[in-house]
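Subject: Handing over the two-chain model

Hi,

Here is the structure I promised to pass on.

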Protein chains: 2
Amino acid sequence: MAEGSRMLQARALLQQCLHARLQIRPADGDAAAQWVEVQRGLVIYVCFFKGADKELLPKMVNTLLNVKLSETENGKQVSILDLPGNILIIPQATLGGRLKGRNMQYHSNSGKEEGFELYSQFVTLCEKEVAANSKCAKAGVVVKHGTYGNRQVLKLDTNGPYTHLIEF
Amino acid sequence: MAEGSRMLQARALLQQCLHARLQIRPADGDAAAQWVEVQRGLVIYVCFFKGADKELLPKMVNTLLNVKLSETENGKQVSILDLPGNILIIPQATLGGRLKGRNMQYHSNSGKEEGFELYSQFVTLCEKEVAANSKCAKAGVVVKHGTYGNRQVLKLDTNGPYTHLIEF
């Protein structure tokens, strides 16, 4: 396990949502907190490890947006692009944690700048993929995302999260 | 990776919640759906793999209830038992999925009966652990859980899910 895990470049956790709301800026003095929200679609929690190569990103985005995990009204499993449904991307560095005694350690996580760069490009690629998809464009699908480095205050409403882990 | 992963016995995904509500029985004719809910605490999604041994369960429960992932009002990380906070256990077989092409496969998951047995004992052990903890008893901490095999219709409200994966 140890050897295999060390080679991981990224970890993505997928949940289906009916509605999700994510804080992108906390309240500050008189300024209220800012949120993004999506209606029905896919929540992608994402974490990058040390040594993750940005050349991985196109394949990663392609995989996540095309894996058949979204349920149509007829109960058929299709991709989020084919549903079509919205996408909420949440940076979640904690997903890279490893248990050490009673604590989690994050030594395998990518550094902050590197992680930010990977996350930003990941978001951009998702946006491009959705924009280029005629079904999504026609349906008015949106891609929203959290602020890297922030606390990801999340409210999630599901008809079954149908949680899946995909590692790269 | 393949070899290492094959030895996995269980996968647990942890999220912190302010409030969570989980359906334990869907609506049926005139009967309304039934739900359980917890206030602030820990959501444990759990999945067992083929070959999981029930002797693993005490260690697994001990690890999950004692890992320091819950934040006190002072920002200190403590265990869910020390917080103390509530626990919501969600059976989530999808966590055992592996990507094959554009589909997820669940060949490594424990069989239904075996998985049900492991899940039931896992829940019982969590309940016992919490009942035996004086802090939890005093605070009126509750342990709630989903119905094995059902669709896990979930509503989750967080101050940051702080998502962690722990494998056994």
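B:Arg25 stands opposite B:Gln34 in strand S3 of chain B. The two strands involved, S2 (residues 19–25) and S3 (residues 34–38) of chain B, pair in the antiparallel sense over 5 bridges; pairing here needs at least two bridges found by DSSP, and strands (E, at least two residues) and helices (H or I, at least four) are DSSP runs numbered from the N terminus.

Before going further, a word on the basis: this is a predicted model, in which local features need pLDDT of at least 70 and side-chain atom pairs count only at pLDDT 80 or more, while totals for chains, interfaces and linings use all residues. Residues are numbered from 1 along each chain as its sequence is written, chains are lettered from A and ligands numbered from 1 in the order in which they are written, and side-chain values use heavy atoms, with hydrogens and water left out.

Strand S2 of chain B also pairs with strand S11 of chain B, antiparallel and with 4 bridges. There, B:Leu22 has B:Leu154 as its bridge partner. S11 (residues 154–157) of chain B then reaches across to the other chain, where 3 bridges join it in the antiparallel sense to S9 of chain A.

How are the two chains related?

Now the interface itself. Contact (heavy atoms within 4.5 Å) involves 41 residues of chain A and 41 residues of chain B. Together the chains bury about 3600 Å², 53% of it on carbon and sulfur atoms; this is the accessible area (1.4 Å probe) lost on putting the two parts together, summed over both. There are 6 salt bridges between chain A and chain B, counting a side-chain nitrogen of Lys or Arg within 4 Å of a carboxyl oxygen of Asp or Glu. B:Asp82 and A:Arg102 form a salt bridge, with 3.8 Å between the closest N and O atoms. On the chain A side, elements that give two or more residues include helix H1 (2–6), strand S1 (10–25) and helix H2 (57–66).

Over all chains, the whole structure has 10 salt bridges. One to look at joins A:Glu167 and A:Arg11, at 2.7 Å from N to O. A:Glu167 lies in strand S10 and A:Arg11 in strand S1 of chain A, so this pair ties together parts that are 156 residues apart in sequence.

Finally, some backbone details. Most residues other than glycine have a negative phi, and most peptide bonds are trans. The bond from A:Leu83 to A:Pro84 is cis, with omega near -20°, and A:Pro84 sits in the loop between strands S4 (77–78) and S5 (86–91) of chain A. In chain B, the bond from B:Leu83 to B:Pro84 is cis too, with omega near -20°. A:Tyr162, in the loop between S9 and S10 of chain A, has a positive phi near 55°.

Best wishes
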